[in-house]
Amino acid sequence: MSITIALVDDDRNILTSLSVTLQSEGFTTRLYSDGEAALKALVENPPDLAVLDIKMPRMDGMELLRRLRERTDFPVIFLTSKDEELDEALGLAMGADDYIAKPFSQRLLLARIRAVLRRTEMRARPAAEDEAPEQAEIVRGRLVMDPARHRVKWDGRDVTLTVTEFMILEALAQRPGVVKSRNQLMDVAYQDDIYVDDRTIDSHIKRMRRKFRAADDDFNSIETLYGVGYRFAEE
């Protein structure tokens, strides 16, 4: 079955060009020229992945993703402009799985799309296939991670993470107290030979902290060692 990619951008030239490229690679595409038009269609018939522009009329990509995340969990890649603030530009603060800055090469975007789809498939496969071995839960103090079901609990409360966030947290929690550099975390989350700005990891970490602090105001188990990296501090 063909993988469906939704493209949402107010630039018709970008929509057409990307659609032609993706279709030539075997993907099925659905095109939307603004966020408002895309919202209802993407909720009612979710794609396998969506590529969203941030700056659009009527409803921008940030608001579109916020509303989508209330009812869907399919992966999202943001298209951004280089002059936007980091957290806003990446869109990671809203739960996006990746970003790419304009102007971009279509080859790079294809690599990012395939990388996110592979990470999503890796997480979905164990829960879907009866023959797959059960992956052991990771329990670190009040943190419980279930890799097979892609579930996270903190002090008994559910915390919803994107696939990329889950992989970063899993890498930290597997060896509590051990510092992981940004490069090591990028290798875990982006297992393809593609360029990713190391500040992307910082944005993922900030987003994860916000999610955990929504469940526990005092959460501080993801520690920053400035100039070195991050570690998980087990209580």
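Trainee: Within how many Å do the axes of helix 2 and helix 3 come, and at roughly what angle do they cross?

Mentor: Start with the general idea: two packed helices are described by the angle between their axes and the distance between the axes. Here, the axes of helix 2 (residues 35-44) and helix 3 (residues 61-69) come within 10 Å and cross at roughly 20 degrees. That makes helix 2 roughly parallel to helix 3. Axes are lines fitted to C-alpha atoms, for helices over the stretch in contact, with angles from 0 to 180 degrees between N-to-C directions. Angles under 35 degrees count as roughly parallel, over 145 as roughly antiparallel, 65 to 115 as roughly perpendicular and the rest as oblique. Helices (H or I, at least four residues) and strands (E, at least two) are DSSP runs, numbered from the N terminus.

Trainee: What sort of model is this?

Mentor: A predicted one, where local features need pLDDT of at least 70 and side-chain atom pairs count only at pLDDT 80 or more, while totals for chains, interfaces and linings use all residues. Residues are numbered from 1 along each chain as its sequence is written, and side-chain values use heavy atoms, leaving out hydrogens and water.

Trainee: Which residues of helix 2 and helix 3 meet?

Mentor: Contact means heavy atoms within 4.5 Å. On the helix 2 side you've got Gly 35, Ala 38, Leu 39, Leu 42 and Val 43, and they meet Leu 64, Arg 67 and Leu 68 in helix 3.

Trainee: Where does Pro 47 lie, and is it buried or exposed?

Mentor: Buried means under 20% relative accessible area, exposed over 50%, partly exposed in between (1.4 Å probe, protein chains only). Pro 47 sits in the loop between helix 2 and strand 3 (49-53), and with a relative accessible area of 7% it's buried. Leaving out residues up to four places away in sequence, Pro 47 touches Thr 4, Ala 6, Arg 30, Leu 42 and Phe 74.

Trainee: How many residues has the largest nonpolar core?

Mentor: A nonpolar core is a set of buried Ala, Val, Leu, Ile, Met, Phe, Trp, Tyr and Cys residues joined through side-chain atoms within 4.5 Å. The largest has 25 residues, and Leu 143, Val 152 and Leu 169 have the most contacts inside it. Helix 6 gives the most to this core, with 6 residues. There's also a second, separate core of 21 residues, including Val 8, Val 43, Phe 74 and Tyr 99.

Trainee: And how many helices and strands does the protein chain have?

Mentor: The protein chain has 8 helices and 11 strands, and 49% of its 235 residues are buried.
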